[in-house]
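Student: I would like a close look at a single part of this model. Please take me through it step by step.

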2 protein chains.
Amino acid sequence: MDTPADSSDVRRRNLALVLRHIAAHGPCARTELAAATGLVSASITALAAELIGSGLVREAGLASSGSRGRPRKLLELRAGRVQTVAVEVMPDRLAGAVCDLSGTVTWRGERVLAAPGDPRPVAEQIAGLVQEALEATATPGRTQVHTARLVLAVPGAVIEDDLIADSILLGWRRIDLAALVRAALPAGSCPVSVVNEANMAAFAEYHALASRTGTAPRAFAYLRVGPGIGGGLVVDGQIQTGGHGMAGEFGHIPVAFDGPACKCGDHGCLVTYLGLEALMRAAGLDPDLHDQDPERARADFDRRLRAGDPGPARALEAGARALATALTAVSRVADPEQVVLGGHLAAWSDWLVPTVLRHFAGRRAITPTDEPVLSTELLGRHATIVGALRHGCETVFNDPASVPSLTRP
Amino acid sequence: MDTPADSSDVRRRNLALVLRHIAAHGPCARTELAAATGLVSASITALAAELIGSGLVREAGLASSGSRGRPRKLLELRAGRVQTVAVEVMPDRLAGAVCDLSGTVTWRGERVLAAPGDPRPVAEQIAGLVQEALEATATPGRTQVHTARLVLAVPGAVIEDDLIADSILLGWRRIDLAALVRAALPAGSCPVSVVNEANMAAFAEYHALASRTGTAPRAFAYLRVGPGIGGGLVVDGQIQTGGHGMAGEFGHIPVAFDGPACKCGDHGCLVTYLGLEALMRAAGLDPDLHDQDPERARADFDRRLRAGDPGPARALEAGARALATALTAVSRVADPEQVVLGGHLAAWSDWLVPTVLRHFAGRRAITPTDEPVLSTELLGRHATIVGALRHGCETVFNDPASVPSLTRP
DNA sequence: CTATTTACTTCAAGCCTTGAGTTATTACGC
DNA sequence: GCGTAATAACTCAAGGCTTGAAGTAAATAG
């Protein structure tokens, strides 16, 4: 913000503009790029030359448009030129993935954590998984691949740019995971970022929704209760982290100050109404099952719900009121245009959303139409890692010049 | 976001950097500017020359630093070169003010609205007040004054850049106030912006706090219940408006889904616990007094509170629980580092804040230290117009080149 | 009075975008 | 088959910007 600008910033921005257009709209000619970006064709020539030089883009044949005139030379993204590695750090295991610039996942891997509590061994296992990923995706003889970034998605608050402040789930406090992983990787490896996992899921859902509808909402919220509780806020395409890396923790929005006690120490959090354990209790099912085997508990609840058992339906009906309240709070604070529900909120949205909308409708007559549009997640379980990968790719989309020139074409 | 950049953007940014530094740190020499901005001294020479040319800055004598060497030529903000006009539109009256670039208010004026409901007459009366302001501040013979912007602060949601979507208080729906005022002003007048009034108060409090503490919080929230209910969210120095211009409406955060009915059509909004009428009712005072004379009601409540009457204290004690819940919701969504209370929340903060903090402390042992720092407003009643003026000045600080060169020195 | 130190300015160089003019490559009309 | 029009892309000088080096200005210390 307070650094001076020079012509390299201009170049960075315009390269990004061109690269983004090619990535988003598929192969296109320089003329189209000029029209779409507002740059003059001479500039496109220069920018395209640089992108071709760094291998991010390639000329992919001609497109005779039927009409007369010189045919267009199409510029195509060389997605394989860049890859991003993401690792999702869970309490008991790691999940890793690699994708190229197009977002195509080229590798997936998992690893059960040997010493979950201890940050240093975890960092070493992360580094090991990353090495495995890089070896698996290295194809000798193929184009040189530039690894843009390693993104570590953790369930915890991340502050001060990539320092994990706290993670209850992992039992960590002020752990600089990025530094630990950097130390465990060979020198000269790619840059490392640490981000919140639910925020990445939100980021992924945001982009999935944007590409489905064709327009990106200015303010967007993702709220997940299910395997993992959390969410994220995206404003103008940027993940909002807040002052302590805790923005978007929608699961712990209090919906009643005299509500049930929550594990977080507060009372009446949304999860105390919509968490699976709470739902089971409200449905008259045995909540102990949840502790023993959450997945079976979920399946059991789901089966009974779909079978027409009134207990689960009643539980969701009550939960929907809490959800409506929480979503109202989100609207009052951040006013998203669109809210996406995830986890079992998405799975059981047929029972939840109508009640929520009814609640909204009750007041829409008086207040302005400021309710968010509700929908359910598009990516589900993979959202976190997809978002983390996408987040890593943003590095390149924001600054294409960070990719070095190809030494040999 | 998707427009190309060229060297004029570089110039804009660097001019802004220099002007901001001079404005924030008082008269300073080119060498200091070079050190502070990171620009090279040759660039500072050129940038300063442009700022001097447009009259935003002037050379103000030498500063012999005591040590040897050529003395520094100080550059000083010429605050009077630019002025900003702001009008706060209230249901029954207008309040206007003019300030210069330093934020010094050079004129204040009021006008009782003749036809409050009707947008066009209101726009004409706004234009009249603005004309009055411009005539009152015009000093023939003095430096040419550039009027950078007219900012209209309204109690309502503002979307699509300066179109008022809805204002319940004014009874307006989708009124393009900026266009109406532009039409009522002489051709070639300054640009007109429409903004939410509580957001501007938040903006003012944000800057007041930042200049008092020396550092600006990354995420900041202002919450006012008093004469006018509302607030605002400032992230990285930017007012957050949300998708429908409704971000920061903290007064209508629901704190209990089965709480009292609110005028907004919802139940359990924060104002149903901390609005003055609710407080009076909870204190066992006659709530009808509030309708008749809110100011007297407030004074009455205040007197009894300070006299040790247990009723008002009890009402605030209960309200504080609601406030703690609402602030928790704000933290979960936006995670501000700092929250400023305004209106009677500020006046009675001695009764509210300890209870709120006690509530926070009850869970701090378990969750990370993500609670916002609480404080009370620094500007009070004038915050809205001060914020609106400041917002107008941002036009110039963001783009000093928008100020034309002086025709005569 | 000179040397030194510090502040500021000047100027050529390097990037970047732009606009005009040039070249490349096709289809259409005859 | 050939000239012409049309479209795409490239080349190049010009202009704006920052920069680094060299030069000038103006004080103090000895």
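Student: Which polar backbone atom is 2.8 Å from a base oxygen of DNA strand C?

Tutor: A polar backbone atom of B:R70 lies 2.8 Å from a base oxygen of DNA strand C. Some ground rules come next. This is a predicted model, where local features need pLDDT of at least 70, side-chain atom pairs count only at pLDDT 80 or more, and totals for chains, interfaces and linings use all residues. Residues are numbered from 1 along each chain as its sequence is written, chains are lettered from A and ligands numbered from 1 in the order in which they are written, and side-chain values use heavy atoms, with hydrogens and water left out.

Now the surroundings of the strand. There are 29 residues around DNA strand C; a residue is near a strand if one of its heavy atoms lies within 4 Å of it. A:R68, B:T31, B:R70, B:R72 and B:K73 come nearest.

An N or O atom in the side chain of A:S43 is 2.9 Å from a phosphate oxygen of DNA strand C. For the side chain of A:R68, an N or O atom is 3.4 Å from a sugar or linking oxygen of DNA strand C. Each is a polar contact, that is, a pair of N or O atoms within 3.5 Å; within protein, one must be able to donate a hydrogen and the other to accept it, and residues adjacent in sequence count only if both atoms are side-chain atoms.

Which elements build this surface? Helix 1 and helix 3 of chain A each supply at least two residues. So do helix 2 (30-37), helix 3 (41-53) and strand 3 (72-77) of chain B. Helices (H or I, at least four residues) and strands (E, at least two) are DSSP runs, numbered from the N terminus. Helix 1 of chain A gives the most, with four residues.

Sort the surface near DNA strand C by class. It has ten nonpolar, ten polar and nine charged residues. Ala, Val, Leu, Ile, Met, Phe, Trp, Tyr, Cys and Pro count as nonpolar; Asp, Glu, Lys and Arg count as charged; the others, Gly among them, count as polar.
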